[in-house]
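Here is a short report on strand pairing, helix packing and backbone geometry. Please read it alongside the model.

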Amino acid sequence: MPHAFPGSQAGGAASCDVTRRTTKPKETPSYIFPMSSLTMSVRFAVLHVLGILSLTCSSSGSELSVPVPISCGTRAADLPDSAQRVLCPANCTLWKMSVFGSGVYASVSSVCGAGVHSGIIGVSGGPLQIQRRQGRTNYLSSYAHGIQSQTLSRWSASFTVARATSSPMEVSSQISSSSIPASGPVKKTVKKNLKKPPAAENRDCQVDIALLLDGSYHIGQRRFNLQKNFIGRLAAMLKVGPDGPRVGVVQASESPRTEFYLGNYSMPKDVSFALKEVAYIGGNTNTGKAILYTVRNFFNPEYGVRRGHPRIIVAFVDGWPSDNLEDAAVMARESGINVFIVSVAKPIPEEMGLVRDQDYMKKAVCKDNGFFTMSMPSWFSTNKFVKPLAQKLCSLDQLLCSKTCYNSVNLGFLIDGSSSVGDANFRLVLSLLSSIARNFDISDIGSRVGAIQFTYDQRLEFGFNEHTRKDDALRAIQNIPYMSGGTATGDAITYAVENLFQPRTMGMGKKYLIIVTDGQSYDDVRGPAIAAQRAGITVFAVGVAWAPMEDLRAMASEPKDTHTFFTREFTGLEQFEQPIVRGICRDFTESN
């Protein structure tokens, strides 16, 4: 007969019950007594094993909806696939837990350690929801909530953690207890216990928002708490949800710290609860540093960012910032992120001498037009500012920085396939065009590319709506077969306007035509080029070998010097990649 634990019956069910009893709160807090490091290690190992045994037994039973107790060191890799809700004990921060990654964790990480690092549980422990993910490369390290996670170059499986929701078993028990037959005031009691359903998410406001809390010494603990209350009310007013606005929080102080990501909390009440757990840091008001950190680290698809949705940073500044915001703002704009500044308790005249840059708000925001700034006199009586700020964040048509030159252009390539080019040189032309396209975010909701090859005739190689994935588009460019023939560039421009730049096939972005030719055209190029530009198409002319400079400048948009390129050899084409990309972005920015 197999050995059974004392006080149990033989068999799997009994051992499972005992496993659960070994993790009861009354039996685990022995870590508060002095003990040697060896004893600590042994106890940690025992708790680790018991936690796994508990999971194995519980997952085979009927209580899958109940959080299963685990130890502080239990790794995601130790858990059976059926385990999705676990219960972490208190005081896990006293143990040395291995955590690899940020937001998305390698499966060799401590589950409870990941929960603490992500800010979902604190010192008191609590339930966690686990979501399995595929393995990945480059797990990032970060310091958050007292836990320093580590980098890991690659692992075969990953997971994320979230706040555990109420289990079906708990819901059904509440229903059954309220449906016991009774007479008289039963209906009244039921009516009293009914709760209003939560407000539906605002699906007309699908934006991803990073809220930068001011955690500096200037704000102090009391106003810091008022700031958190304001943000909680803002989340409720926005009606955050999985298919509505999503919010995450970064605390700006001496060094920025991510408190929680966009994908961690999907309900206003959960956001408010998470905000209560955010601890005040203190330090200088390095808002610029926090904006840079957020641009580089926060807006990552692994952390809940959605492709094609407007991205917003709302930076709250109590008083004035300690550092420069201009460089950070430039990076944010170039990354397609709309920066809002909410200034609270502006400096009085006697303090203006302490302000590093008195125009920091104008330089930091997406556009200095008054829309992206808001001023509040203090953190007291802020209710009247919640709705106006929420309305601004949901005014999608005014988020001017959401569209960038990289994700909002239609690139048309007009390629000379005449006999003078030759197959080898034709491949060099395609290499240039492929390298230009590689700089852009090509997708069904981003930038698009199309190509036409011409001799005396024209051939539409592919339209704007045929290859809406970058890899497919680049492959299509490289696979264009060489035609050979004469040179009629003017007719080719007209053909491009009429057949390539069609509203039904293009994206919503600006239109660009890049012409590459190596010789004299047999027809007029000036008239067709002017017509193209009147149709809203910006033309870049690239000439090689015998292409006349007069024709190139006639085709190119103004200013001619920045839209015209020439090289004697086809091998020199590669030097034009970045100047053309910068020219497209410069033209895009100026036109907006």
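Strands β15 (residues 409-416) and β18 run parallel and are joined by seven bridges. Strands count as paired if DSSP finds at least two bridges between them. Within this pairing, Gly 412 stands opposite Leu 513 in β18. β18 also pairs with strand β19 (residues 537-544), again in the parallel sense and over seven bridges. Here Ile 515 stands opposite Ala 541 in β19. Seven of the eight residues of β18 (residues 510-517) are buried, so this strand is largely enclosed by the rest of the structure. Buried means under 20% relative accessible area, exposed over 50%, and partly exposed in between (1.4 Å probe, protein chains only). Helices (H or I, at least four residues) and strands (E, at least two) are DSSP runs, numbered from the N terminus.

This is a predicted model: local features need pLDDT of at least 70, side-chain atom pairs count only at pLDDT 80 or more, and totals for chains, interfaces and linings use all residues. Residues are numbered from 1 along each chain as its sequence is written, and side-chain values use heavy atoms, with hydrogens and water left out.

How do α6 and α11 pack? Helix α11 (residues 383-393) packs on α6 at an angle of about 50 degrees, and the axes are 9 Å apart. Axes are lines fitted to C-alpha atoms, for helices over the stretch in contact; angles run from 0 to 180 degrees between N-to-C directions. The two helices, α6 and α11, are therefore oblique to each other. Angles under 35 degrees count as roughly parallel, over 145 as roughly antiparallel, 65 to 115 as roughly perpendicular, and the rest as oblique.

From α6, the contact residues are Phe 230, Arg 233, Leu 234, Met 237 and Leu 238. In α11 they meet Asn 383, Phe 385, Val 386, Lys 387, Leu 389, Ala 390 and Leu 393. Contact means heavy atoms within 4.5 Å.

Next, the backbone. Most residues other than glycine have a negative phi, and most peptide bonds are trans.

Lys 239 lies in the loop between α6 (220-238) and β10 (246-252). Ala 345 sits in the loop between β13 (337-344) and α10 (360-364).

A cis peptide bond joins Glu 558 and Pro 559, with omega about -10 degrees. Pro 559 belongs to the loop between α16 (549-555) and α17 (560-563).
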